[in-house]
Amino acid sequence: MDTRLLTTFITLARTGSFTAAAAELHLAQSTVTVHIRTLERDLGVPLFDRLPTGAPLTDVGRRLLGEAETVLDAVARLRSATGEDGPVAGRVVVGTPESLCATRLPAVIAALRTQHPDVDVDLHAAGTEECVQGLRSGHLDLALLMAEDAESAEIATEPVAREALALVAAPGHPLAGRARPAAWADLAAEHFFLLEEGCAYSDAFERRLRAAPGAGPRVTRFGSVDAARSCAAAGLGLTLLPATTVAEHLRDGRLRRIALAGPPLADVPVRLARHRRRWAAPATRQVARALVRHLAQAGEGDAGHSAAAGEA
């Protein structure tokens with residue numbers, strides 16, 4: 001069987017559109033149609049329903065999708081085995097929260113470029129749910145998830161670091177100048193600028209906000225750390241972000257931490273995620289090792305700085 005037909009099948013299953021599949025594969029739409037018809041004729045079953053709104057998989061197509069992925073993984077493994085002893089090369093697509101893109105990952109990419117110059121890393125900024133879907137569909141090779149738990153039958157994760165969170169506002173905000181910590185009830189009527197839905201820690205924070213007595217917070221969601229941070233710095237409300245993304249603003253006085261009564265906000269685990277059944281190419285394995293190593297080292301450095309600040 002021509003593996004190109006399986007590649008087209010998997011791409012169309014993921015995109016749900018002949019037009020989108022053709023664009024992604026750099027093929028004419030008529031070629032995609034021929035590939036699918038040929039595969040359906042070879043297998044003797046319809047794989048897709050042709051609808052005006054798209055091309056969803058049939059029940060048989062859904063059952064065969066995992067088998068097709070297994071075949072292509074085996075082919076990729078076979079091809080890679082011929083060059084296992086040579087230089088590691090290839091493109092690896094990593095899904096990651098925007099905050100890690102800006103603060104943690106440049107050092108990882110720099111180290112990889114020195115050790116494996118033929119490995120290219122594409123970073124795709126996305127929240128937890130989008131990253132998980134990207135792993136399932138094959139659009140992503142690896143993902144970093146800022147979530148307490150994201151294990152599933154398809155997705156395997158391992159903890160690699162923890163990120164501290166900071167609730168912040170402009171210095172002139174009423175809660176920023178209070179002598180006593182703010183209770184959750186004090187936050188009930190405030191305006192918050194949080195990252196978009198699918199960001200696990202933002203979603204959890206909003207749920208806790210709305211569970212407070214008399215809760216009626218105004219919540220605006222953004223897909224950008226910079227947008228949420230800028231709104232808070234402009235005095236429009238509060239935001240909850242990884243501490244690394246607001247460190248400079250706290251140092252120069254553009255933002256101030258809001259102390260909360262009761263237990264402090266828990267650090268968010270950073271987990272490296274991958275698809276359980278999909279084979280990992282040598283380049284993917286090297287990127288995964290670099291992410292684990294450098295993120296763990298960065299976390300240890302942060303802990304050391306925090307301890308020193310506490311002793312001071």
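Modeller: The model is predicted: local features need pLDDT of at least 70, side-chain atom pairs count only at pLDDT 80 or more, and totals for chains, interfaces and linings use all residues. Residues are numbered from 1 along each chain as its sequence is written, and side-chain values use heavy atoms, with hydrogens and water left out.

Colleague: How many helices and strands are there in the protein chain, and what makes a run count as one or the other?

Modeller: The protein chain has eleven helices and ten strands. Both are DSSP runs numbered from the N terminus: a helix is H or I over at least four residues, and a strand is E over at least two. The C-alpha trace spans about 75 × 50 × 30 Å along its principal axes.

Colleague: Why is Ser202 called buried?

Modeller: Buried means under 20% relative accessible area, exposed means over 50%, and partly exposed is in between, with a 1.4 Å probe and protein chains only. Ser202 has 0% relative accessibility and therefore counts as buried. Ser202 lies in helix 8 (residues 200-210). Contact means heavy atoms within 4.5 Å; not counting residues up to four places away in sequence, Ser202 touches Leu194, Leu195 and Arg221. Of the 312 residues of the chain, 43% count as buried.

Colleague: What is the class of His26, buried or exposed?

Modeller: The relative accessible area of His26 is 73%, so His26 is exposed. His26 lies in the loop between helix 2 and helix 3 (29-43). Its phi is near 60°, a positive value in a residue other than glycine.

Colleague: Why does Gly216 count as partly exposed?

Modeller: Gly216 has 44% relative accessibility, so it counts as partly exposed. Gly216 is placed in the loop between helix 8 and strand 7 (218-222). With neighbours up to four places away in sequence not counted, Gly216 touches Ala188 and Ala189. Gly216 and Ala185 are 31 residues apart in sequence, and their C-alpha atoms are 9.9 Å apart in space.

Colleague: What class do Glu196 and Asp120 fall into?

Modeller: Glu196, at 37% relative accessibility, counts as partly exposed. Glu196 lies in the loop between strand 6 (191-195) and helix 8, and touches Asp203, Arg221, Phe222 and Gly223, not counting residues up to four places away in sequence. Asp120 has a relative accessible area of 36% and is therefore partly exposed. Asp120 belongs to strand 2 (residues 119-125); leaving aside neighbours within four places in sequence, Asp120 is in contact with Gly90, Arg91 and Val92.

Colleague: What makes a set of residues a nonpolar core, and how many residues has the largest one?

Modeller: A nonpolar core is a set of buried Ala, Val, Leu, Ile, Met, Phe, Trp, Tyr and Cys residues joined through side-chain atoms within 4.5 Å. The largest has 55 residues, and those with the most contacts inside it are Leu167, Leu187, Tyr201, Val287 and Leu291. Helix 11 gives the most to this core, with six residues. A second, separate core has 18 residues, including Leu12, Ile36, Ala55 and Ala68. As for Val287, its contacts, apart from neighbours within four places in sequence, are Val92, Val94, Leu112, Val119, Val121 and Leu142.

Colleague: What makes a space a pocket rather than a cavity, and what lines the largest pocket?

Modeller: On a 1 Å grid over the protein atoms alone, a cavity is a set of points where a 1.4 Å probe fits but cannot get out, whereas a pocket is an open set with protein on both sides within 12 Å along at least five of seven lines; lining residues have an atom within 4 Å of a point. The largest pocket is lined by 35 residues, of which Asp73, Ala76, Gly138, Asp141 and Arg278 lie nearest its centre. Helix 4 supplies the largest share of the lining, seven residues.

Colleague: How is the lining of the largest pocket divided by class?

Modeller: There are 15 nonpolar, ten polar and ten charged residues in that lining. Ala, Val, Leu, Ile, Met, Phe, Trp, Tyr, Cys and Pro count as nonpolar, Asp, Glu, Lys and Arg as charged, and the others, Gly among them, as polar.
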